[in-house]
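Please keep the sequence and the model side by side while reading this briefing, which moves from aromatic rings to a sheet and then to a pair of helices.

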Amino acid sequence: MIDEKQISEIVRSVLDSANIHTSCGGNCKCKSKRGVFESMTEALEAVQKAYTQYRQYTLEQREHIIAKIRELTLNEAEEMAKLGVEETGMGRVTDKIIKHQLVANKTPGTEDLEPRVFTGDRGMTLVEMAPYGVIGSITPSTNPSETVICNSIGMLAAGNGVVFNPHPNAKKIANYAVDLVNRAILEAGGPENLVVSVVNPTMDSSKEMMESPIVKMLVATGGPGVVRTLLSSGKKAIGAGAGNPPVIVDNTADIAKAAKDIVAGASFDNNLPCIAEKECFVFSDVADQLIRNMCDNGAYLLRGDQVNKLRDIALMEKNGKYQIQKDWVGRDAGKFLKELGIDADPRLIICETDANHPFVQVEMMMPILPIVRVKDIDEAITLAVAAEHGNRHSAHIHSKNIDNLTKFARAVETTIFVKNAPSYAGIGAGGEGYTTFTIAGPTGEGLTAAHSFTRARRCVMVDGLHIV
């Protein structure tokens with residue numbers, strides 16, 4: 001004799017082996033996802049139950065879970081990269097593989113949680129980093145699975161449970177990542193549904209998540225609108241907002257290297273990363289040399305009326321202001337050129353514009369890089385700071401002049417500032433330091449990690465435990 005629960009488990013196993021996703025009526029090729037629920041209400045109830053169990057886990061057990069997440073992420077990086085491009089139509093598979101590998105290898109775990117101790121004549125005080133509880137996380141379509149995995153590692157390392165409300169345009173790949181994390185947790189002996197999501201994320205499910213008393217902290221990776229919504233929630237919130245990172249090239253730079261680095265950074269995953277070089281300000285006396293070297297490293301130069309035609313493809317004008325054509329975000333450079341009647345497939349499209357051109361002022365998230373000639377460092381910094389729009393996200397410079405490096409860093413005040421390297425060095429790819437895909441400029445946490453998802457708790461013992 002078997003009970004109803006055992007029957008349900010057998011049915012679920014059979015459906016999984018047949019590649020049938022029960023929540024979509026069997027009309028898709030994906031397997032039923034662990035931790036993915038039909039409603040936000042169900043997801044919240046499940047994660048609250050799992051978190052209650054997880055509170056009893058040791059740091060060693062947390063780290064065992066995180067190690068398994070890293071392992072599965074590396075094993076399935078290629079599959080996630082392909083699924084991400086297939087669903088969203090954005091980015092490049094080869095670059096998305098690298099991003100998943102970066103998340104697996106360089107997202108901090110429990111080692112990021114550093115306690116502090118104060119001792120003296122009156123005893124000892126211990127400060128430890130404790131979890132918030134259940135964290136609600138909104139993730140983007142540009143880095144969907146990478147953000148889910150990165151946030152999961154950091155939030156679980158901190159001892160929290162997580163409920164995701166992914167971007168609707170990337171729900172399949174985001175929920176694949178949720179399933180992966182849950183598979184890793186279960187393989188490592190952790191509780192079921194410690195990380196959850198919904199099959200069809202909506203504004204309503206997001207609202208329910210943000211307003212739920214189960215959720216103690218909110219984290220959003222996305223545009224300024226979603227960040228503003230979080231900050232008005234009344235809860236502790238971390239917001240990773242927009243950026244429009246400029247790059248400056250002065251006449252002391254290694255021009256050949258600068259050109260190679262900028263093409264690499266600005267074309268990486270078709271310029272989807274919010275840290276990527278979006279506009280370039282170059283000294284006039286080295287501009288021709290820079291452009292020539294960029295073309296030698298995979299860039300394609302557009303001139304004259306071609307630039308206006310590209311503008312009309314990539315942007316639309318509304319009420320006197322330009323906005324991106326969302327259908328073109330993250331598309332290959334070759335697709336833009338094909339639309340222009342040009343048979344070429346470069347990594348990046350470059351063009352010369354003035355500083356007021358919409359390519360400079362709008363965060364494009366496309367493999368298009370405008371180049372503006374400037375006379376000196378003061379003009380470059382003035383224009384670059386204006387183009388960054390006070391987002392304080394990321395900025396880059398190629399120079400061997402210490403004064404220029406320092407002056408720009410002080411003026412732009414960004415969370416990430418990269419000198420003489422591709423932009424992605426700022427998140428640990430080819431540079432030192434850890435990685436994250438939730439860069440909290442608006443709320444000030446910077447590059448988030450496990451410590452960002454904790455609250456400090458103080459334990460005081462008077463007249464005891466100190467030995468001096």
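Rings of Phe, Tyr and Trp, the last represented by its six-membered ring, are taken as a pair if their centres lie within 6.5 Å, and planes under 30 degrees apart count as stacked, those over 60 as edge-to-face and the rest as tilted. On that basis, a search of the whole structure, which is a predicted model, finds 4 aromatic pairs.

**Aromatic pairs**

- One of these pairs joins Tyr54 and Tyr57, whose ring centres are 5.4 Å apart and whose planes stand at 45°, so the pair is classed as tilted.
- Tyr54 counts as buried at 1% relative accessibility, and Tyr57 also counts as buried, at 19% relative accessibility, where the cut-off for buried is under 20%.
- Another pair is formed by Phe408 and Phe417, with ring centres 5.4 Å apart and planes at 65°, so this pair is edge-to-face.
- Phe408 is buried, at 0% relative accessibility, whereas Phe417, at 22%, counts as partly exposed.

**The parallel sheet and the helices on it**

- An open sheet is built from 7 strands in the order S11-S14-S15-S10-S9-S16-S17, and the pairing is parallel.
- Strand S11 (299-302) and strand S17 (416-419) each have a single partner strand because they stand at the edges, which means that one side of each is left without a neighbour in the sheet.
- On average, and with direction ignored, neighbouring strands of this sheet are turned by 25° against each other.
- Within the sheet, strand S9 (residues 246-249) pairs with strand S16 (residues 394-398) in the parallel sense over 3 bridges, and Ile248 has Ile397 of S16 as its bridge partner.
- Helix H11 (residues 284-296) packs on the sheet, where it touches S9, strand S10 (279-283), S11, strand S14 (348-352) and strand S15 (368-374), and its direction makes about 130° with that of S10.
- Helix H16 (residues 402-412) lies across S9, S16 and S17 and runs at about 165° to S16.

**The contact of H6 with H7**

- The axes of helix H6 (residues 144-157) and helix H7 (residues 171-187) come within 8 Å and cross at roughly 35°, and the crossing is right-handed.
- On the H6 side the contact is made by Pro144, Ser145, Val148, Ile149, Ser152 and Leu156, and on the H7 side by Ile173, Ala174, Ala177, Val178, Val181 and Ile185.
- Sorted by class, the contact of H6 with H7 has 10 nonpolar residues, 2 polar residues and no charged residues.

Note on methods:
Residues numbered from 1 in each chain as written. Predicted model: local features only at pLDDT ≥ 70, side-chain atom pairs only at ≥ 80, totals over all residues. Heavy atoms only, no water. Pairing = 2+ DSSP bridges. Helix = DSSP H or I, 4+ residues; strand = E, 2+ residues; numbered from the N terminus. Axes fitted to C-alpha atoms, helices over the stretch in contact; angles between N-to-C directions. Contact = heavy atoms within 4.5 Å. Buried < 20%, exposed > 50% of the residue type's maximum accessible area, 1.4 Å probe, protein only. Left-handed = near helix turned anticlockwise from the far one by under 90°. Nonpolar A, V, L, I, M, F, W, Y, C, P; charged D, E, K, R; others polar.
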